Amino acid sequence: MVETVGDVIRGRFAPSPSGRMHLGNVFTALLAWLSVRAKGGTLVLRMEDLDPDRCREEYAQQLAEDLVWLGLTWDEGYGKSGPHGPYRQSERTDFYAGQFAALAAQELVYPCYCTRAQRLAASAPHRADGKLVYDGRCRHLSQEERRELDKTRRPAWRVAVPDEEIFFTDGHLGPYRERLDLDCGDFIIRRSDGVYAYQLAVVADDGAMEINEVVRGQDLLDSTPRQLFLYEKLGYRPPEFYHVPLLVDPDGRRLSKRDGDLDLGALKERFTAPEIVGRLAFLAGLTDAPEPAMPAELLPVFAWEKVPARDVTVDRTLWQKPRVP
């Protein structure tokens, strides 16, 4: 068992360097920073650059520069020394291979030869949101069937989940539960091209880096039960999770890196760092008005009880205002 560090809070911000940060990314980074700093903890910056087709070093460098400009500094991780490096997932492949082998030794993984069309055909909507749950069609293939499929197709690898419920209490949202086999299904931990999947990498990294507090968007809430399953099987103590609201347009569409007018490049042309941080603090319920502030100035007013539990609608007109000289 790898233990986390007693009462010392170790949080992290773990962005994917696939483009410029947008307003929603900064919102999450600010709350992660405030939560750790308010407890006198250590903040780690890790680059989750698993996908070689989308992630680039220039994006990682720009992301780090933007965080410093905003006043969201970190203690350990990308661009700094630390005892748990490397802090780029693209440099941790050998470590993930060992974690994969540990699951394989417990007979928890199996090859999946399904094409995308076959995966969709072998799934069925379970939730109201239409999420597809893989039905495990490759889980029970015979060795002979696998040998034949190996001749023509490189498999992905899935972890076999049990028919049990996973329950945890989110530090912000409260109780949450999922039945893994019905709500999740066997999920991929290594792609057919050999790239290790997010679910495995994030658990392995947070466990090895002794992260005991994770602040992230609510879009990842339903990933938590499968990650808790992996924490147990890999022998790590799980962190405490805080899932924060997403920033959305009035039509309910969440902000993304496609929203170029709300990425840091565009916003820095119109606003100062304190103006951006102050407006985000207002959206987070920490202040009564969107007045300029730097992160350190918000520490006395930070409390999770003030942060909304539901998605926060962004009034784009407030973010188009030219900077006043």
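Visitor: How many aromatic pairs does a search of the whole structure find?
Guide: It turns up nine aromatic pairs. Keep in mind that this is a predicted model.

Visitor: Okay, take Phe-100 and Trp-157. What kind of pair are they?
Guide: They're edge-to-face, because their ring planes sit at 90°, with the ring centres 5.7 Å apart.

Visitor: And where in the chain are those two?
Guide: Phe-100 is in helix H3 (residues 93–105) and Trp-157 is in strand E7 (residues 156–159).

Visitor: Is Phe-100 buried or exposed?
Guide: Phe-100 is buried, with a relative accessible area of 10%. Trp-157 counts as partly exposed, at 22%.

Visitor: Which residues form the aromatic cluster?
Guide: Phe-95, Tyr-96, Phe-100, Trp-157 and Tyr-196 form one cluster.

Visitor: Switching topic: how many disulfides are there?
Guide: Zero in the whole structure.

Visitor: Now helices. At what angle do H1 and H10 cross?
Guide: Roughly 75°, with the axes of H1 (residues 23–38) and H10 (residues 273–283) coming within 10 Å. The two are therefore roughly perpendicular to each other.

Visitor: Which residues make the contact?
Guide: From H1, Leu-23, Val-26, Phe-27 and Leu-30; from H10, Val-277, Leu-280, Ala-281 and Leu-283.

Visitor: What classes are they?
Guide: Eight nonpolar, no polar and no charged residues.

Key:
Residues are numbered from 1 along each chain as its sequence is written. This is a predicted model: local features need pLDDT of at least 70, side-chain atom pairs count only at pLDDT 80 or more; totals for chains, interfaces and linings use all residues. Side-chain values use heavy atoms; hydrogens and water are left out. Axes are lines fitted to C-alpha atoms, for helices over the stretch in contact, and angles run from 0 to 180 degrees between N-to-C directions. Helices (H or I, at least four residues) and strands (E, at least two) are DSSP runs, numbered from the N terminus. Angles under 35 degrees count as roughly parallel, over 145 as roughly antiparallel, 65 to 115 as roughly perpendicular and the rest as oblique. Contact means heavy atoms within 4.5 Å. Ala, Val, Leu, Ile, Met, Phe, Trp, Tyr, Cys and Pro count as nonpolar, Asp, Glu, Lys and Arg as charged, and the others, Gly among them, as polar. A disulfide is a pair of cysteine sulfur atoms within 2.5 Å. Rings of Phe, Tyr and Trp (its six-membered ring) pair if their centres lie within 6.5 Å; planes under 30 degrees apart count as stacked, over 60 as edge-to-face and the rest as tilted. Buried means under 20% relative accessible area, exposed over 50%, partly exposed in between (1.4 Å probe, protein chains only).
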